[in-house]
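Subject: Structure handover

Hello,

Here is the structure I said I would pass on. Please open it beside this message, and read the notes below with it in view.

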Amino acid sequence: MCAEKLQRIIQAVILGLVMGLAGIGMFKTAFLIQFGMMVMLLIAGFTGYCPGLIVLKKIFPACKCEEDQ
């Protein structure tokens, strides 16, 4: 498993958690988690700095691009 794929899996799990929290009526908690994720994704999109991915790359190898092969 490589870091970028694992990051996407974690994001999918977080989105599922938000949906579950909203489904049981915990709207405030779901909103806060969703808002935090949106802020992190915007920061990563505009700056290229993603703290979660940096931590994951220390534990797991980076994915190999098709161009590198």
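Predicted model: local features only at pLDDT ≥ 70, side-chain atom pairs only at ≥ 80, totals over all residues.

Residues are numbered from 1 along each chain as its sequence is written, and side-chain values use heavy atoms, with hydrogens and water left out.

The disulfide

A disulfide is a covalent bond between the sulfur atoms of two cysteines. Here it is taken to be a pair of cysteine sulfur atoms within 2.5 Å. That rule gives a count of 1 disulfide. Cys2 and Cys63 are the two partners, with an S to S distance of 1.7 Å. Their link is right-handed, with 65° about the S-S bond. It connects distant parts of the chain, 61 residues apart: Cys2 is in the segment before helix 1, and Cys63 is in the segment after helix 3. (Helices are DSSP runs of H or I with at least four residues, numbered from the N terminus.)

How well covered are the two cysteines? Buried means under 20% relative accessible area, exposed means over 50%, and partly exposed is in between, using a 1.4 Å probe and protein chains only. Cys2 has a relative accessibility of 11%, so it counts as buried. Cys63 has 24%, so it counts as partly exposed. Cys50, in contrast, takes part in no disulfide; the nearest cysteine sulfur belongs to Cys63 and is 13 Å away. Cys50 is buried, at 14% relative accessible area.

The salt bridge

How many salt bridges does a search of the whole structure find? The result is 1, where a salt bridge is a side-chain nitrogen of Lys or Arg within 4 Å of a carboxyl oxygen of Asp or Glu. The pair is Lys57 and Glu4, whose closest N and O atoms are 3.6 Å apart. Lys57 lies in helix 3 (residues 51–59) and Glu4 in helix 1 (residues 3–23), so the pair ties together parts that are 53 residues apart in sequence. Lys57 is partly exposed at 42% relative accessibility, whereas Glu4 is buried at 16%.

Contact means heavy atoms within 4.5 Å, and in each case below, residues up to four places away in sequence are not counted. Glu4 is in contact with Leu53, Lys57, Ala62 and Cys63. Glu4 and Lys64 are 60 residues apart in sequence, and their C-alpha atoms are 9.8 Å apart.

Leu6 is also placed in helix 1 and is buried, with a relative accessible area of 16%. Leu6 touches Met1, Leu56 and Phe60. The C-alpha atoms of Leu6 and Phe60 are separated by 8.8 Å, although the two residues are 54 residues apart along the chain.

Gln7 is found in helix 1 and is buried at 17%. Its contacts are Cys50, Leu53 and Leu56.

Ala22, another residue of helix 1, is partly exposed at 29%. Ala22 is in contact with Phe27 and Ala30.

Helix 2 and the nonpolar patch

Helix 2 covers residues 27–47. The expected span of a helix is 1.5 Å times one less than its number of residues. For the 21 residues of helix 2 this gives 30 Å, and its end C-alpha atoms are 30 Å apart, which agrees. After helix 2 comes Gly48, with a positive phi near 80°.

Which residues make the nonpolar surface patch? Phe31, Leu32, Phe35, Val39, Ile43, Tyr49 and Ile54 make it, with an area of about 690 Å². Patches are made of residues with over 30% relative accessible area and no salt bridge, where like charges are joined within 9 Å and nonpolar side chains (Val, Leu, Ile, Met, Phe, Trp, Tyr) within 5 Å. Accessible areas come from the Shrake-Rupley method with a 1.4 Å probe. Helix 2 gives the most to the patch, with 5 residues. Phe31 is found in helix 2 and counts as exposed, at 54% relative accessibility.

Regards

Note on methods
Helix = DSSP H or I, 4+ residues; strand = E, 2+ residues; numbered from the N terminus.
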